[in-house]
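Reader: I'm new to this one and would like to know where the labels come from. Can we go through them one at a time?

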Amino acid sequence: MRKTTRSLLAGLIATAFIAAPAFGQQKLKIGFISTFSGPQGVIGEDMKNSVELALDHLKRKVGGLDTEVIYGDDQVKPDVGKQVAEEMLKKHQVNFVAGIIWSNVMLAVAPTVTGAGTFMIGTNAGPNQLAGADCNEMFFTTSWQNDQTPEAMGKYMQDKGIQDVYLMAPNYAAGKDMLTGFKRYFKGRIVDEVYTRLGQTDYQAEISQLRSKNPKAVFVFYPGGMGIQFLKQYSEAGLRGLFPLYSVYTVDELSIPAVKHAALGQLETRYWSQDLKNPANEKFVGDYRKKYGGKTPSYYGAQSYDGIMLIDSAVRAVKGNLADKKGMIAAMRKADFASTRGKFKYGQNHFPIENFYLLKTVAGPTPTADPVMEIQETVFKDHKDAYGTACKMKW
Amino acid sequence: MNFVLIAEQTLNGLQLGVMLFLLAAGLTLVFGIMNLVNLAHGALYMVGAYLTTFFYQQTGSYALAVALGLAGTLVVGVVTELVALRTLYDRDHLDQVLATFGLILFFNELIVILWGRAAIYSTIPEVLAGHVELAGGFRYPIYRLMIIVIGLAVALLLWFVVTRTRLGMLIRAGASNRAMVAALGVNIRLLYTVVFGFGAALAGLAGLLAGPIYSVQPGMGELILIQVFVVIVIGGIGSIRGALAGALIVGMVDTLGRAFLKPALATVLSPTAADTAGPAIASMLIYLLMAVVLAFRPAGLFPSAR
């Protein structure tokens, strides 16, 4: 008798577990992968804040469905990112995977997600492979292709006729891509191209070399902590007044609080700025500041916010029928949502065709406020990336 | 290749070496006297940077902030020793590595809880922020010169303490034969706590000096700790003379390598080959140096007599 009761009980419990997922279909599940630990976790925090703000604006219903967002930490490692993505796909059965800061993590996660027939909505990394030969109909990005931002800086400096530029970047894939993108549009004289160790803390030796070469301008790519250190040391060596410093992905709203006036005068190119004038962006930046204690969002946040809005537009278009993947692909291609960058149009490879602006770091509104970045001029209008022609998708 | 550039890079190498020495001296003392592998040394460096930055923001006085930061790091070091490290002295090195690695994680998360994940803004007072004209157009930042001077002063102070005072005599005796020192009636536990506190203060000093020029963020200790271990291995474990020699050698080799290896290679190889080989070899140079030194002197350059 006891044995039968036990097996009956076990059978009941097992059925309950099998039946449970069936109820989950009415909910929309989005898996969001970013970096939440270590010093780079500050980027993940900005992205998560923006996703939460997007959910607030949509009253917690993306596309009209009750939404649950599951956050995962990739720890800047491709294998961890892949594990997290697989857990989201198999255990949580998410309908969309979004996020990812780093190109190397994206190259590991995107095929895993699209291979399982799930949408991958990138909100930062834009490796050239996914824009070219490896483009996929289930992959969409709300950011840019990595080369586009340095291309804009290259064009700006080429148009201004600046010669004798000194280039610096960390010695890894993205560092090389940035300088390649720059040189695609900049055809002037390059004094030297210097690659430093990834994660290097002390740049005094390189700064001394730079001074001895006497260039007319300096162009660097130093993301994260490397940027903070390079900027401080560049400023303290007294080079700010001597050689104008141009950069990409080095100074942003997240690193300015750590360097403050050492960033003043810095010129960067970007597809978005906190002072971009359109209703969606003004709402995003204004409400972000209200919700998060006066902090200004960065472009990572703007991209993540747009990612959620893109998903919303797609689910709304198929009236909540998440099984209609073809319908959602068609809806996303139309990109019929109010983006923080203004007009939003997709290229054949599911990468946006967008404007790029020159931003300058200027003093804040009050003497004690941090510097802010403001648009100076438009460098590119409706700029396409250089790899789209290698993509075989046609629509 | 002008003289000014070479002089400037030499000073840069000296400054990096002095910074590494401040960290290496504490670490090698602890390893040599107490036979304790302390991976959390980098965490004390981080604590020194954070405390000094915090106090400078609160009080506005750099001198006071430095004093409080050093004192604070000393207290944190002593408390850590009393609470966590006392039990590890008789354990295997692997156990010590595991335990102190756990301490690294603990301190990193504690800093994140107290100050957040982002790098905090750390600066130096205006009087130190300028340049000094050394010789014919050669300008060097005052702050970095100050680091060199402080580092050499600390080296002198350590030499004086170790060779001319009673405490130093006990330290040297403890490094040679711990059991005998205890048997002679010296309070070895108190000696260990004092030595560890001293090492913690040195790490804190390195941290507060590095804060304004590097980035003050969680995990900043780990970035520099690897180079410090290379210094100790090259210099010889347990020897302060070795730490100084090793630190200056590593600082010079790393800086001069990064600065001059690519141009030097360009004279023998094609420019594109030098472009790829130069930075790659420069980043490996200190490890290659360590391998070469170990091949000829397995115990390091100035091993302490055991």
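Author: Let's start with a pair of helices: the crossing of H1(B) and H5(B) is left-handed. This is a predicted model, where local features need pLDDT of at least 70, side-chain atom pairs count only at pLDDT 80 or more, and totals for chains, interfaces and linings use all residues. Residues are numbered from 1 along each chain as its sequence is written, while chains are lettered from A and ligands numbered from 1 in the order in which they are written.

Reader: What makes a crossing left-handed or right-handed?

Author: Left-handed means the near helix is turned anticlockwise from the far one by less than a right angle; clockwise gives right-handed. Helices here are DSSP runs (H or I, at least four residues), strands are E runs of at least two, and both are numbered from the N terminus.

Reader: How do you know whether H1(B) and H5(B) are parallel, antiparallel, perpendicular or oblique?

Author: Look at the angle: the axes of H1 (residues 3–34) and H5 (residues 142–164) of chain B cross at roughly 40° and come within 9 Å. Axes are lines fitted to C-alpha atoms, for helices over the stretch in contact, with angles from 0 to 180 degrees between N-to-C directions. Under 35 degrees is roughly parallel, over 145 roughly antiparallel, 65 to 115 roughly perpendicular, and the rest oblique. H1(B) and H5(B) are therefore oblique to each other.

Reader: And what is the angle between H8(A) and H1(B)?

Author: Helix H8 (residues 204–213) of chain A and H1(B) have axes that cross at roughly 170° and come within 9 Å. H8(A) and H1(B) are therefore roughly antiparallel, and their crossing is right-handed.

Reader: Which residues meet between H8(A) and H1(B)?

Author: A:Gln204, A:Ala205, A:Ser208 and A:Ser212 in H8(A) meet B:Leu5, B:Glu8, B:Gln9 and B:Asn12 in H1(B). Being in contact takes C-beta atoms, placed from the backbone, within 7 Å. By class, that contact has two nonpolar, five polar and one charged residues. Nonpolar covers Ala, Val, Leu, Ile, Met, Phe, Trp, Tyr, Cys and Pro, charged covers Asp, Glu, Lys and Arg, and polar covers the others, Gly among them.

Reader: How many residues do chains A and B bring into contact?

Author: 31 residues of chain A are in contact with 29 residues of chain B. The chain A side of that contact has nine nonpolar, 14 polar and eight charged residues.

Reader: How do you know what H5(B) should span?

Author: The expected span is 1.5 Å times one less than the number of residues. The 23 residues of H5(B) should therefore span 33 Å, and its end C-alpha atoms are 32 Å apart, which agrees.

Reader: Over in chain A, what makes A:Val76 buried or exposed?

Author: Buried needs 20 or more other C-beta atoms within 10 Å of a residue's own, exposed 12 or fewer, and partly exposed lies in between, again with C-beta atoms placed from the backbone. A:Val76 has 20, so it is buried. A:Val76 sits in the loop between E3 and H3 of chain A, and its phi is near 60°, a positive value in a residue other than glycine.

Reader: Then why does A:Gln75 count as partly exposed?

Author: Because A:Gln75 has 16 C-beta neighbours inside 10 Å. A:Gln75 is in the loop between strand E3 (65–73) and helix H3 (78–90) of chain A. Leaving aside neighbours within four places in sequence, A:Gln75 is in contact with A:Thr35, A:Ser37, A:Gly38 and A:Val80.

Technical notes
Contact = placed C-beta atoms within 7 Å.
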